[in-house]
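Here is a short report on one structure. Please read it with the model open beside you.

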Amino acid sequence: MNQLDFTGRHAVVTGGATGLGFGIAQRLIASGGSVTLWDRDEAAANQAAQSLGDKAFALKVDVSQQPSVAKAVAATLAHSPRIDALVNSAGITGPNVKLWDYPVDDWRQVMEVNINGVFLCCREVVGQMRKQGYGRIVNIASVAGKEGNPNASAYSASKAAVIGITKSLGKELADTGIRVNCVTPAAVKTAIFDQMTPEHIAFMLSKIPMGRFGTVDEVAAMVGWLCTEDCSFSTGAVFDLSGGRSTY
Ligand SMILES: NC(=O)c1ccc[n+]([C@@H]2O[C@H](COP(=O)([O-])OP(=O)(O)OC[C@H]3O[C@@H](n4cnc5c(N)ncnc54)[C@H](O)[C@@H]3O)[C@@H](O)[C@H]2O)c1
């Protein structure tokens, strides 16, 4: 494992109770920083923070609710004077059905969490980063947002929107010390697999030229670097993590 320098810096990781968010939090702490995990699952977030040690804090936050996010910013700043990095990892898949069978409420829920949640977290945290004159934002999009997976129209559309918001915000902040980037992972075996059909998981694996799933550590390595000062001349960019699937 390469040593990244996140010394003395503080990150907010949404969806940090488990999966990719947890792995990213772990890597940032191993790189010398501290983290606040924002997750709607309070018990899991508390347990995750406990397992990460005294450099981790947990807050119950629903990223799709503006008052909840605004409250979380204030609560985070009560124990950390800065928010140097924001990693938007909270996300859900929605059902694996054709668009014409897609339940309207499920469609809206996927949009609420996956794109409106990213908008709200960026919106509420950017003010603090602008005050600091420094920040790193990393949005976890998906290869589905580039390619459009069948039987996942809401998820694919929401992740394409995450790519779009990353490009807009990156340009809006390009003349500041804030960098905004996203990553587009192919499938990585986490609890999110429980929300998908076995057929959909097999489809995603079949599309990866390396013939294997990605790992949490591989995602954490790239996202960890994107959270450091070394990531200075990239903004509004989309970083691939797809085992050769989306080489553009
Ligand atoms: N694992 C993969 O194959 C994969 C691939 C590409 C992209 N992604 C994306 O990476 C991100 C993380 O995925 P993961 O695999 O770690 O999933 P996961 O299900 O393991 O973790 C997601 C976390 O987000 C939290 N969460 C969900 N809705 C929330 C809300 N409204 N407010 C706050 N927290 C909320 C959950 O409680 C959970 O802790 C997601 O955005 C996902 O779409 C995952």
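Thr-76 counts as buried because its relative accessibility is 0%. Buried means under 20% relative accessible area, exposed means over 50%, and partly exposed lies in between (1.4 Å probe, protein chains only). Thr-76 sits in helix 3. Helices (H or I, at least four residues) and strands (E, at least two) are DSSP runs, numbered from the N terminus.

Residues up to four places away in sequence aside, Thr-76 touches His-10, Val-12, Thr-36, Trp-38, Leu-59 and Ile-83. Contact means heavy atoms within 4.5 Å.

## Basis of the model

This is a predicted model: local features need pLDDT of at least 70, side-chain atom pairs count only at pLDDT 80 or more, and totals for chains, interfaces and linings use all residues. Residues are numbered from 1 along each chain as its sequence is written, and side-chain values use heavy atoms, with hydrogens and water left out.

## The sheet

How many strands does the open sheet have, and in what order? The open sheet has seven strands in the order 3-2-1-4-5-6-7, with parallel pairing. Two strands pair if DSSP finds at least two bridges between them. Strand 3 (56-60) and strand 7 (237-241) are the edge strands, and each pairs on one side only. From one strand to the next, the twist averages 20 degrees.

Helix 2 (residues 42-52) packs on the sheet and touches strand 2 (34-39) and strand 3. The direction of helix 2 makes about 175 degrees with that of strand 3. Helix 3 also packs on the sheet, touching strand 1, strand 2 and strand 3. Its direction makes about 155 degrees with that of strand 2. Axes are lines fitted to C-alpha atoms, for helices over the stretch in contact, and angles run from 0 to 180 degrees between N-to-C directions.

## Strand 4 and its partners

Strand 4 (residues 85-88) has Ala-85 and Val-87 pointing one way. Leu-86 and Asn-88 point the other way, and all are buried. Strand 4 runs parallel to strand 1 (residues 10-14), joined by four bridges. Here Ala-11 stands opposite Ala-85.

Four bridges also join strand 4 to strand 5 (residues 135-140), again parallel. Leu-86 stands opposite Ile-137 of strand 5. Strand 5 in turn pairs with strand 6 (residues 178-185) in the parallel sense, over six bridges. There the bridge partner of Ile-137 is Val-180.

## Helix 3 against helix 4

Two packed helices are described by the angle between their axes and the distance between the axes. For helix 3 (residues 66-79) and helix 4 (residues 104-132), the axes come within 9 Å and cross at roughly 35 degrees. Helix 3 contributes Gln-66, Val-69, Ala-70, Val-73 and Leu-77 to the contact. Helix 4 contributes Leu-120, Cys-121, Arg-123, Glu-124, Val-125 and Gln-128.

## Glu-229

Where is Glu-229 placed? Glu-229 lies in the loop between helix 8 (216-226) and strand 7. Glu-229 counts as partly exposed because its relative accessible area is 48%. Neighbours within four places in sequence aside, Glu-229 is in contact with Arg-9, Tyr-134 and Arg-136. Glu-229 and Ile-137 are 92 residues apart in sequence, and 12 Å apart in space, C-alpha to C-alpha.
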